[in-house]
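Here is a short walk through one model, taken a piece at a time. Have the structure open as you read.

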Amino acid sequence: MASPIFLVGATPADHESTTQLEKHLCEAGLHESAEETAAREDVLRDLQGIVDRWVKRLTAQREYPDGMAEHATALLLPFGSYRLGVHGRGSDIDALVVGPAYVDRHHDFFDVLGGVLAETEAVTELQLVPGAYVPVIKMRFRGVQVDLLYASVCLPAVPSDLDLRGRSVLRGLDMATVRSLNGVRVADEIMRLVPDAGAFRTTLRCVKHWAKARGIYSNAMGFVGGVGWAILVARVCQLYPNAAPSMLVPRFFRIFSQWKWPSPVMLRDIEHDDDGGEMPLGLPVWDPRRNPRDGSHLMPVITPAYPCMNSCYNVSRATLRTMTAEFEAAHKVCQEITVAGAWDALFRPFNFFKAYKSYLRVDVKVAGGEEDLREWKGWVESRLRQLVVRVEMATAGILLCHPHPHAYAAKPHDDDRRRSSSFFVGLSKHLRLTTQEFKDEVYMYAFWRPGMELDVSHTRRKDLPPYVLEQILSTDRLKRKRSDDDSGNSESSPVKRAAAAGRIESSPESET
């Protein structure tokens, strides 16, 4: 772990550049309105009421001593971007339910609570995924996307002030529960380790906005996900503890355009079972010195909470190559911004459908309804990075293969009523054997049913289906409309301009 490399603070010019950067983030719609924030808080409050009633009902049914059911409760703890204070318009809510020892995940959480949610009017698009790496209930609650995890701790009752920071809370838990708890624990540890929460949040908003614009924000696709980006930004903040965001953003790209992977990025020293005086828990910890298999990871970005894990385990040679090229390009853009002072150039979207001459088109099809399509599409998306790995293996790492993180809803033909959605992978030539192996692997899905189909076809740029271009244009029009609305609102009165400025400046501190 290196000490800070630059301790000098921001100049007036740096503060002015930061103001311009924050203005761009506001105009890009990355901050919620007061109404959207209130709606999100209502969702969390109502979900807390549902899980409280669920635990009380389970406790009463099991005939525990009088009064126990009355005081039984569960905690609902948001994590991810919401806990880090960088959520914005349209952000989903990642939340952890912490229940007592006698409430299990398999039956009580997925079957019982899942049934309660299925009958709740506010819930739509309900999807139970008990077999995921981190078991999850996905849903929309009054239109807000919510991913709900569960952890049963070894306590007969869950106190409202339960401390999740120490190792002791992990005692006796399986790895699925440990991974569920670590969403909250990692977020809290990141915020504890950054020197300036406000500068960290603004810089992270910038980096996430850039990564999404450039098509490299997706853990499932083999890029970096939300936790990984947060750790990378936090490390730069540690190296420049007194820097303003306008200083941190260019340094972020300079550092990671030159980073010698697989040297790990860590916010603190790795914590092992034999460190300190606590009783060993025997949980696997990322450390290639002790676990040789960890040495094969291409982009180690290590979570700071015990047990330390690589948040970028899914990164492949192809996706790392794509991200490195983007880091280098952003570094060059930032050098020009330092002179010109205009931040818009950094966030220009990557034109995926003009970048390559050929694509693999992965069509996900079902004969059933939207629920079947969501399930089948989610499974295919989780396996799509294996297609990239197979292309790498088939070409000895020479072929550039770039998966697009977003799916496009396909329009059915008149003679085909199946629902479908398409993923695209940019490449330079078609590899028939590789794609067939990928299809064979996807069809091993344990819950596959007749009607679930997958097609992988070679598509040239000139043959891209119209619905792709239509949805890109529709998205661009929506972004321009939001930008125009924000500009109109911000210019409508001095009071609104002052309120907006105050909200931007005060939000990092108020969310600390």
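## Where α1 meets α9

Start with a helix pair: D14, S17, T18 and L21 of α1 touch P245, S246, M247 and V249 of α9. Contact here means heavy atoms within 4.5 Å, and helices are DSSP runs of H or I with at least four residues, while strands are E runs of at least two, both numbered from the N terminus. Sorted by class, the residues of this contact come out as 4 nonpolar, 3 polar and 1 charged. For those classes, Ala, Val, Leu, Ile, Met, Phe, Trp, Tyr, Cys and Pro are nonpolar, Asp, Glu, Lys and Arg are charged, and the others, Gly among them, are polar.

As for geometry, the axes of α1 (residues 12-27) and α9 (residues 245-257) come within 7 Å and cross at roughly 80 degrees. Axes are lines fitted to C-alpha atoms, for helices over the stretch in contact, with angles running from 0 to 180 degrees between N-to-C directions. The two helices, α1 and α9, are therefore roughly perpendicular to each other. The scheme calls angles under 35 degrees roughly parallel, over 145 roughly antiparallel, 65 to 115 roughly perpendicular, and the rest oblique.

V8 sits in the segment before α1. Setting aside neighbours within four places in sequence, V8 is in contact with N242 and M247. V8 and N242 are 234 residues apart along the chain, yet their C-alpha atoms are 6.3 Å apart in space.

## What the model is

This is a predicted model, where local features need pLDDT of at least 70 and side-chain atom pairs count only at pLDDT 80 or more, while totals for chains, interfaces and linings use all residues. Residues are numbered from 1 along each chain as its sequence is written, and side-chain values use heavy atoms, with hydrogens and water left out.

How confident is the predictor? pLDDT gives its confidence in each residue, from 0 to 100. The chain has a mean pLDDT of 86, with 88% of its residues at 70 or more. Residues 490-512 fall below 50, and beyond near neighbours in sequence this stretch has 15 contacts in the model. Where pLDDT is low, the predicted coordinates should not be read in detail.

## α2 against α5

Now for another helix pair. The axes of α2 (residues 34-61) and α5 (residues 105-118) come within 11 Å and cross at roughly 125 degrees, so α2 and α5 are oblique to each other. On the α2 side, the contact uses L47, I50, V51, W54, R57 and L58, and α5 brings D108, F109, V112, L113, V116 and L117. By class, that makes 10 nonpolar, no polar and 2 charged residues.

## The open sheet

The sheet is open, with 5 strands in the order β1-β2-β5-β4-β3 and mixed pairing. Strands count as paired if DSSP finds at least two bridges between them. At the edges are β1 (75-79) and β3 (123-129), each pairing on one side only. Neighbouring strands of the sheet are turned by 25 degrees against each other on average, direction ignored.

β3 and β4 (residues 136-141) run antiparallel, joined by 5 bridges, and form a hairpin with 6 residues between them. Along this pair, V129 has V136 of β4 as its bridge partner, and L128 stands opposite I137. β4 also pairs with β5 (residues 144-152), antiparallel over 5 bridges, and F141 is partnered with V144 in β5. That hairpin has 2 residues between its strands, and R142 takes a positive phi near 55 degrees.

Key
pLDDT = per-residue confidence, 0-100.
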